Protein chains: 2
Amino acid sequence: MANTKASIITIGDELLIGQTIDTNSAWIAQQLNPLGIDIVRRVAVGDNKADIVAALDAELSRSEIVIITGGLGPTADDITKPLLAQYFGGKMVVDERVQLHVRSIFERRNLPLLEVNLRQAEVPESCTVLFNKSGTAPGMLFEKEGKMIISLPGVPHEMMGIVEDEVIPRLRQRFTSDAMVHRSVITAGLGESFLAEKIKDIESALPEHIRLAYLPGFWMVKLRLTGRGKDEMQLIREVDMRQEEIANRLEEYVVALEDLPMEEIVGRKLTSLGQTVALAESCTGGYLGHRLTQVIGSSKYFQGGIICYQYEVKEQLLGVEHALLEQEGAVNEAVALQMALGAQRSMKSDIGFGITGLLSPGGEEGVPVGTVWMAITNGDTHKTKAFHFPYDRVRNKEVAVNMALLMIWKFVNHQ
Amino acid sequence: MANTKASIITIGDELLIGQTIDTNSAWIAQQLNPLGIDIVRRVAVGDNKADIVAALDAELSRSEIVIITGGLGPTADDITKPLLAQYFGGKMVVDERVQLHVRSIFERRNLPLLEVNLRQAEVPESCTVLFNKSGTAPGMLFEKEGKMIISLPGVPHEMMGIVEDEVIPRLRQRFTSDAMVHRSVITAGLGESFLAEKIKDIESALPEHIRLAYLPGFWMVKLRLTGRGKDEMQLIREVDMRQEEIANRLEEYVVALEDLPMEEIVGRKLTSLGQTVALAESCTGGYLGHRLTQVIGSSKYFQGGIICYQYEVKEQLLGVEHALLEQEGAVNEAVALQMALGAQRSMKSDIGFGITGLLSPGGEEGVPVGTVWMAITNGDTHKTKAFHFPYDRVRNKEVAVNMALLMIWKFVNHQ
């Protein structure tokens, strides 16, 4: 049996004029995928009746499930609900449970209840209400000619709560389908086309029901295998085997066999070795610390960091030599190393890491924009490395931190 | 004259299964908007010929411009280019300039040139090549029945370069249209529906050609006015007037009249006052420092920070009392204040800011998950504040830092 097809329609001018980035769709896709439901199309339209109706018509003709996000807020620019009432028929009715919930939210927050807020409890009588425990706008489920149409608020945490509590259980019950298995091989240090050349024979020997995709990032390429089939256990064995085959071939470039963020890969390594790390961040301004502490349990291996945006902070908190900064500036190998040593010493960690650079024009004279020096030490040995990133400030910072995580990972693996 | 309609088609399974978030579309929309070009639909499809062709057919029937991103890489899962050759006619030919460019990229990086890389220089003869200075996959421009179809690589910085250098000048030349003016009022501290109630009369008095949208975020709501018209100067005056009217009415809740990130608003304030800030971050792990240093020129007002993820770091680098931590733990008002004072003292800044909390389960006993204490001081006076955030670790961190930026902004405004 083929997988169930689903479409996502996102509503909102703010998505079209670029004021907001749609993170909801990716999250929804991740939740539906394991149920054997494929998102085949995703459409974004503005707050405009004709466009929304056209999108609904088109997606209902293609997909068995249509998920709509956004357009449900209390203010005047939200037009989805009346439109859905018209589209699926029936008048607007007050849902008692939602009304009680809206009242209780306002009472708890000690806020006056406005008429627009109470209107949140009105829903088309043709829908099943999908209860929104963390907000006032309920989700709605409509059925039409055997298809499911699900309308959700656009606020991410409200949308997520409804999907987890109300949508997934209903979809699981309704759609049985092919199993789907994803496996990844995360690589660093070799470009997409070189990787492809190295595993050309493995790729061309893949059976019809297993696909390989290359997802290039900055200095890293993720290889993703996707298998589909009826027998899940059999499929897992097959895809695992292909993953192993690819990983063995690409051995020296493989960073992980799980699709995890680099900070999680580093965290697992440090945890397994029982080691701690401390940072001295100049140009990255705390972003490396932020990434490391996105991981639950990072307090086991992360001591802390010093964001040394000024010379004085480098000198006084990290012990970088005054004369060195005076004579050579802050972007060089010696400063990076003294920063790493200072972090390790002052925060009493196993490993110290230092990063200093110039991410955008206007800093140190004589240093090319994009130059970044990194150093890592465990007290016995150290490594240093220079990079030259070609992007703007924000992207240079992003790449620098990815490279920093990779450098930490390599160092703890090979020390 | 009505605005020119454009559609964006993004290609890639990774976008549909949720492995990648589409940030390209928002960026493209932002670039096209000032040219009077409205993105009316955005469609995401997988790496699948039939779906791509269907999307092209549908969008060409609606829009005068269709922009396609993704599907141009060198590996086997990229199928867009042959499909476009078929769709728009003509055989594949080698573009000499692109071929030279591809060769030079590989020579510069000292990498062997593979056949797949050279194939990047092949384009359908029916297209105009849009030169990609930072990568090997060229953009392509097709014309069909007076419509423009633009195909761009999915790698963000390559796509951006082509749009800036090759696409915008061509669009500017081709499409003259209504002017479009956006103005924002950024508010904090009052919910969407209360804001709407306060400006009900202003909103209902808006003329047809000026629209108001509410864009709620965490604890902040952005109000966006969009005006369209022939006479740009006249339009600017009109929209400015409405913006002022709204801002005056909402006075106490207004944070800014420009659609800037909070860190930029804070940065401008600090710059205008000539003050510096230093941070002591526990639970946010460097994220506040990261946000502040996203701004070009932040070294003028940002001294640095201490990421004190462990008790010892709080004690030794910030001077938080050992006995206090022992008896009361790290998540309380006194620790936040000692952290703020320690940051101010050790980094010699005008303002010190401390933040300590528990963002996800598994930390301090007896502290409810989501509790965050913040403190700010200028040496003379200080403020402290507790928050209780209801989300998961990642979202709690995001909200905490937004609130921290708001707290710094308020403090420097009112001290």
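Visitor: Which residue is the bridge partner of B:I9 in β2(B)?
Guide: That's B:V43. By the way, this is a predicted model, where local features need pLDDT of at least 70, side-chain atom pairs count only at pLDDT 80 or more, and totals for chains, interfaces and linings use all residues. Residues are numbered from 1 along each chain as its sequence is written, while chains are lettered from A and ligands numbered from 1 in the order in which they are written.

Visitor: OK, and how many bridges join β1(B) to β2(B)?
Guide: There are 8, and the two strands run parallel. Strands here are DSSP runs (E, at least two residues), as are helices (H or I, at least four), numbered from the N terminus. Two strands pair if DSSP finds at least two bridges between them.

Visitor: What about β1(B) and β3(B), parallel or antiparallel?
Guide: Parallel again, with 5 bridges to β3, residues 65-69 of chain B. In that pairing B:I8 stands opposite B:I67.

Visitor: Is β1 of chain B largely enclosed or left open?
Guide: Strand β1 (residues 4-11) of chain B is largely enclosed by the rest of the structure, because 7 of its 8 residues are buried. Buried means 20 or more other C-beta atoms, placed from the backbone, within 10 Å of a residue's own; 12 or fewer is exposed, and in between is partly exposed.

Visitor: Switching topic: which strand of chain B pairs with β2(A)?
Guide: β2 of chain B, residues 37-45, in the antiparallel sense over 5 bridges. There A:V43 has B:V43 as its bridge partner.

Visitor: So what's the order of strands in the open sheet?
Guide: It has 12 strands with mixed pairing, in the order β6(A)-β7(A)-β8(A)-β3(A)-β1(A)-β2(A)-β2(B)-β1(B)-β3(B)-β8(B)-β7(B)-β6(B). The β6 strands (128-130) of chains A and B stand at the edges, each with a single partner strand, so one side of each has no neighbour in the sheet.

Visitor: How many residues of chain A are in contact with chain B?
Guide: 77 residues of chain A are in contact with 77 of chain B, contact meaning C-beta atoms, placed from the backbone, within 7 Å. 100% of the interface residues of chain A are also interface residues in chain B, so the copies meet through the same surface.

Visitor: What rotation superposes chain A on chain B?
Guide: One of 180 degrees, with 0.1 Å of shift along its axis and an RMSD of 0.1 Å. That's the relation of a two-fold axis.

Notes:
Least-squares fit on C-alpha atoms with pLDDT ≥ 70 in both. Contact = placed C-beta atoms within 7 Å.
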